[in-house]
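Here are some comments on the model you sent. Please read them with the structure open.

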Amino acid sequence: MSKNFFEKAVDWGRRKSPWIIHFNAGACNGCDIEVVDALTPRYDVERLGLLQQGTPRHADVLVCTGAVTLQTKDRLKQIYEQMPEPKFVLAVGTCACSGGIFDGCYCVNGGIDSVIPVDAYIPGCAARPEAIIDAVVKLLTALEQSQKATE
Amino acid sequence: MLTALFHIVIFPGLLFLGVYALFFAFLDRKLYARLQNRVGPPWFQPFADFCKLIGKETIIPEGADRRVFVSLPVFALAAVTAAFIYVPVWSITHPLYSFEGDLIVVLYLLTIPTLCFFLGGWYSTSLYATIGAVRALTQLFSYEVPLFMALLAPAILAGTWSIAGISAYYAAHPLYILINIPAFVVAMVACQGKLERVPFDLPEAETEIVSGTFVEYSGRLLAIFKMAIDCELVVVAALISAIFLPFYAANPCLGFLLFVVKTLIILVLLCLFRASMARVRIEQMVMFCWKILTPLAIIQIIVNLLVRGSLA
């Protein structure tokens with residue numbers, strides 16, 4: 001089934017305008033600083049149409065850092081469920097990918113993907129801003145391919 | 001009937017205003033980025049944002065009144081579009097629809113979006129949205145008075161309450177524009193509050209109350225709200241340029257070009273304001289508006305009355 005003009009326009013909009021929300025699931029703050037760094041004028045992510053939003057209702061991409069602790073597990077789920085469809089999740093940093101050095105700790109549930117589905121993983125301790133921007137671009141490219149596949 | 005429909009829906013109504021507003025939003029963001037030494041978004045960015053939001057899921061909070069929640073964005077956009085019909089676009093000698101007193105009508109129509117933001121925040125039944133809503137209303141009571149007085153002062157001197165009439169009067173007497181410079185400054189500062197831009201973006205202050213009144217809005221409804229805000233920027237810029245920059249051309253095409261240039265000048269000034277200032281606190285904002293802007297506007301009205309008296 002081929003898509004009509006409006007569906008194509010929406011698809012195009014989704015690729016060109018990823019709005020993010022940043023959530024700390026229990027990180028040491030190293031990756032959070034790198035995420036904030038990636039949002040500074042020096043890296044200028046608005047080139048890609050990326051904007052930081054305050055509320056999950058406006059966001060398309062949930063940028064998560066850190067291993068999920070038992071305390072933040074329900075909150076992370078809540079934030080994810082508050083986001084309107086379609087939504088994507090980026091796991092920033094080694095802890096977010098797998099739990100990192102905190103894996104197996106008494107208060108840690110595991111990586112982000114132990115609670116919510118993750119679309120892109122960014123390893124690194126801490127992940128560099130360039131790596132974060134690269135991950136966003138790769139996420140959008142993958143999105144474009146999947147959109148083309150369903151056309 | 002058909003021409004009226006054409007004017008309302010296509011030009012200079014909804015379609016033209018929408019496209020022009022998105023173009024304005026891009027220029028605003030690009031200029032803002034350049035002032036921060038960034039590259040900034042590509043030209044299609046606001047269009048992409050709009051398309052994306054249209055295609056997103058729309059969530060209506062459980063506690064919210066469904067009908068009111070859904071209709072408020074539409075009301076806001078409709079009011080702004082209606083206001084634009086009365087602002088002269090291509091000619092001030094033959095305006096599209098004009099009557100004695102349309103300045104007042106436009107000002108009141110421009111108040112409706114702010115009330116929609118307030119009600120939208122209030123009906124969202126979210127704590128952040130409620131705080132944002134209350135701030136929007138508090139702000140309304142502070143900037144509205146100086147803004148109205150600043151826009152009415154030139155009308156007093158011109159002796160007419162129609163926007164086209166005011167433009168025509170100042171086009172005939174260009175030197176009188178200089179008398180209105182304080183009113184122009186007051187209007188430019190006060191309209192930052194109306195448009196909820198830095199330094200008066202308290203209702204949506206995303207770093208303190210997430211995004212204030214719009215916290216619960218998503219998808220299509222948010223797209224319409226954003227569109228209403230972008231359109232409001234165009235309408236306010238057009239209104240200010242019609243009253244304070246009344247240069248005009250007899251040829252409709254040239255007149256339209258002049259309209260674009262004038263609104264762009266206003267946009268650049270508004271963007272400079274936005275880029276060079278930080279957000280103030282709500283009580284600072286109220287203090288500033290009532291203690292500095294309002295007296296300035298009152299002085300302007302007195303001066304204009306005196307000038308008019310001495311001319312008569």
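Which residue in S2(A) is the bridge partner of Ile20(A)?

1. Gln52(A) is the bridge partner of Ile20(A). Keep in mind that this is a predicted model. The two strands involved are S1 (residues 19–24) and S2 (residues 51–52) of chain A, which pair in the parallel sense over 2 bridges.

2. S1(A), helix H2 (residues 30–38) of chain A and S2(A) form a β-α-β unit, and the unit is right-handed.

3. S1(A) also pairs with strand S3 (residues 61–65) of chain A. The sense is again parallel, and this pairing runs over 5 bridges. Within it, Asn24(A) stands opposite Thr65(A) of S3(A).

4. Next, Cys97(A). Cys97(A) sits in helix H4 of chain A, which covers residues 94–98. Is Cys97(A) buried or exposed? Cys97(A) counts as buried because 20 C-beta neighbours lie inside 10 Å, and the cut-off for buried is 20 or more.

5. What does Cys97(A) touch? Leaving out residues up to four places away in sequence, the contacts of Cys97(A) are Ala91(A), Gly111(A), Tyr121(A) and Pro123(A). As for Cys64(A), its C-alpha atom is separated from that of Cys97(A) by 9.6 Å. Along the chain, these two cysteines are 33 residues apart.

6. Last, the contact between the chains. Chain A gives 19 residues and chain B gives 28 residues. On the side of chain A that touches chain B, 5 residues are nonpolar, 7 are polar and 7 are charged.

How values were computed
Residues numbered from 1 in each chain as written. Chains lettered and ligands numbered in written order. Predicted model: local features only at pLDDT ≥ 70, side-chain atom pairs only at ≥ 80, totals over all residues. Contact = placed C-beta atoms within 7 Å. Nonpolar A, V, L, I, M, F, W, Y, C, P; charged D, E, K, R; others polar. Helix = DSSP H or I, 4+ residues; strand = E, 2+ residues; numbered from the N terminus. Buried ≥ 20, exposed ≤ 12 C-beta atoms within 10 Å, placed from the backbone. Pairing = 2+ DSSP bridges. Right-handed = clockwise from strand over helix to strand, strands pointing away.
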